[in-house]
There are 2 protein chains.
Amino acid sequence: MKVLILGVDGYIGWSLALRLMKMGHTVSGADNFFTRRRVREVGSESALPIGTMAGRIRELESSGFGDLEFFRGDVSNADFMYRIIREAQPDAVVHLAEQRSAPYSMIGLKQATDTMVKNIVSTLNLVYAVKDAAPDTHILKLGTMGEYGTPNIDIPEGFFDIEYNGRKDHLPFPKNAGSWYHWTKVHDSNNLMFANRVWNLSVTDVMQGVVYGTRIDEIAETGLYTRYDIDEVWGTVLNRFCAQAVSGLPITPYGEGGQTRGFLPLEDSVTCLAIALENPPGDGEYRVFNQFDKAYSVNYLAERVKEIYEREFGKSAEIRHIDNPRVERESHYYHPVNENLKKLGYRSKRTLDEEILHMLQDLQQFVPRIRKLSGTIMPRTFWKAP
Amino acid sequence: MKVLILGVDGYIGWSLALRLMKMGHTVSGADNFFTRRRVREVGSESALPIGTMAGRIRELESSGFGDLEFFRGDVSNADFMYRIIREAQPDAVVHLAEQRSAPYSMIGLKQATDTMVKNIVSTLNLVYAVKDAAPDTHILKLGTMGEYGTPNIDIPEGFFDIEYNGRKDHLPFPKNAGSWYHWTKVHDSNNLMFANRVWNLSVTDVMQGVVYGTRIDEIAETGLYTRYDIDEVWGTVLNRFCAQAVSGLPITPYGEGGQTRGFLPLEDSVTCLAIALENPPGDGEYRVFNQFDKAYSVNYLAERVKEIYEREFGKSAEIRHIDNPRVERESHYYHPVNENLKKLGYRSKRTLDEEILHMLQDLQQFVPRIRKLSGTIMPRTFWKAP
């Protein structure tokens, strides 16, 4: 299969390239290095060392993964999007090239607008380029479980049967996101659903949980790390907790810590995406996958990191709750369904505890590097003025 | 009350300015004349003659309406938005300054992107400018009944109580729009709901039906026409049917003509907006009004125009169904609720038949002008390649 990965330089994009090339697929990728630049702007960098794209491509070759065709450019530029779709003529495009930080989108109007415009326009460009230049291409688009918010009812996969005032329909589940970033993903989902309806494009819309982990099998074998962010803007919760533990800092849940979300290891993320690619939707089908392993509260994750770190490394770790920079419920019902990927064969390969141990072991090798970045970990971005 | 109308040069914006000034409110307005330019680009113009903004403002004064403060500029420019909010310090802002044509948004990627970006950014600019510079200002935002699509269940006003798998919640009603334009309004509604949640802004989100009519009372008294578009891109269905009738052209429903939508006279539109302004939401309240009078099928409207024209003008009119340029259901359930405005006192002032008669009488005075524009009426914009 020929797969084009938009955002191939990113945390998931790079891991997915390794996995798909290892599986024997022909992989091309695009990136404009937006995340690298923006992470530098907050004074941080990837906590695990990564090379330049040219260096990464050479390492891929010398590690026996083969040749990755790379397009440098911005997918929110329509000409660039049309060019790479035309040149790559992929069987599938995986769209991971959006601004992916909720805090970044909440810094101010400039960042809100930047996130809103670039994310939405990139997906618009994609559906038009596919319609015009490669209409049979499977669009695999990364959304987020955060699109759903935290309703007091079960969360289905995209659509649900509803009875209201005695009549029935099968409708999109109401979304209720918690940052401008998360809303762009809702807007994208709506736009994809419409593009599918009008032009019969084949779309998988992935509502992904929070991804954690330092490695997939291919990284463990080769040391070809993917990026791993720990700062308050670009890092995510469990990855940050592990970095805090190994560098001797308190583990800092936001607020009460009762916030519950769907999580999955990086290993599972690329496994699920490969499953979706190898089991494409039917012609003109729009399908939604809730892609996560299990739901955990932030408090539970903090406790697991603390306990595993103390047990395995023989040092103590502290949990310290801090004011929540976000506007979100800190205690709520949460019951999302994740059956579609399981029906296609997805089973989680590792337990949370195993994966946390791997993370702590991998990060332990870079403690001085992580300590240097530790000033970027505490929140400086607030949903409303504190 | 001090009211700032964004899009004051438009069909509803101008009418609302007349109404509010007549009621004694202090009105300022902004416009960048986008609609005038785009209507010229499709070879058309307003079927009813309107002056330049400078001329309109002079006519307002000489007709005893008083002084309208006008800001020329683009509300998708953040600096401009902040400047006018700061200078006007309004009690309420009415946001009518978005690209409002579904066909325009479906011409191609350039127009889709233009619509998506400008509409969303203008509303983002508005919420940030109000939050930062005038946080007590009531935001009255025009959305569309088209945000809901045509579900097989009743359509509530924005939110509904839902029971699913034995649990209950009060959630936003799922939206399902029919063009990029309509989706921008969904995205706006979602963004407004979020801005309200995070910053406690006071918002009225108006889901307006299709507006028809040549006049409100103030126009009938003064002849200060508002714009009236009849071309395939910028005109709307009933206004176009009346123009077709008076100029001796067939009345052309799209497809089977069973499409049913909420409609309201222009007179009712400004009445409803004035009611919403004089009965603002509570501090930090986000409320949704479904703003329409009655739901009609396209076929019913075509038949009413034909019958009234033939009866009153003694000439015959033909109804001719044409291929539907849109992708939409041509026969469907449609039962939207519109109670919120009625609870505040809204009652429709005129029947559909009375309003159609007024329209035909007003347009009858400009038949040569309308005949000149008649080449722009038939569809040239298609949702999918025909």
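Student: Leaving aside its neighbours within four places in sequence, which residues is Thr376(B) in contact with?

Tutor: The model is predicted, so local features need pLDDT of at least 70 and side-chain atom pairs count only at pLDDT 80 or more, while totals for chains, interfaces and linings use all residues. Residues are numbered from 1 along each chain as its sequence is written, with chains lettered from A and ligands numbered from 1 in the order in which they are written. Two residues are in contact if their C-beta atoms, placed from the backbone, lie within 7 Å. Beyond four places in sequence, the partners of Thr376(B) are Val42(B), Gly43(B), Ser44(B), Asp231(B) and Glu232(B).

Student: Why does Thr376(B) count as partly exposed?

Tutor: A residue is buried if 20 or more other C-beta atoms, placed from the backbone, lie within 10 Å of its own, exposed if 12 or fewer, and partly exposed in between. Thr376(B) is found in the segment after helix 14 (367-373) of chain B; helices (H or I, at least four residues) and strands (E, at least two) are DSSP runs, numbered from the N terminus. Thr376(B) counts as partly exposed because its C-beta neighbours inside 10 Å number 19.

Student: How far apart in space are Thr376(B) and Trp234(B)?

Tutor: In sequence, 142 residues separate Thr376(B) and Trp234(B). From C-alpha to C-alpha, their distance in space is 9.9 Å.

Student: How do the residues of the side of chain A that touches chain B divide into nonpolar, polar and charged?

Tutor: In this interface, 39 residues of chain A are in contact with 39 residues of chain B. Helix 6 (109-133), strand 6 (159-164), strand 7 (167-172) and helix 7 (180-199) of chain A each supply at least two residues of that side. Ala, Val, Leu, Ile, Met, Phe, Trp, Tyr, Cys and Pro count as nonpolar, Asp, Glu, Lys and Arg as charged, and the others, Gly among them, as polar. On the side of chain A that touches chain B, the division is 26 nonpolar, seven polar and six charged.

Student: What arc do the buried residues of helix 11 of chain A cover around the axis?

Tutor: Buried in helix 11 of chain A are Val298(A), Leu301(A), Ala302(A), Val305(A), Ile308(A) and Tyr309(A). The arc is that of the directions from the helix axis to the C-beta atoms. These residues lie on the same side of helix 11 of chain A, because their arc is only 140°.

Student: Which elements are included in what covers those buried residues of helix 11 of chain A?

Tutor: The cover is supplied within chain A. It includes helix 9 (237-246), strand 12 (294-297) and helix 13 (352-364).
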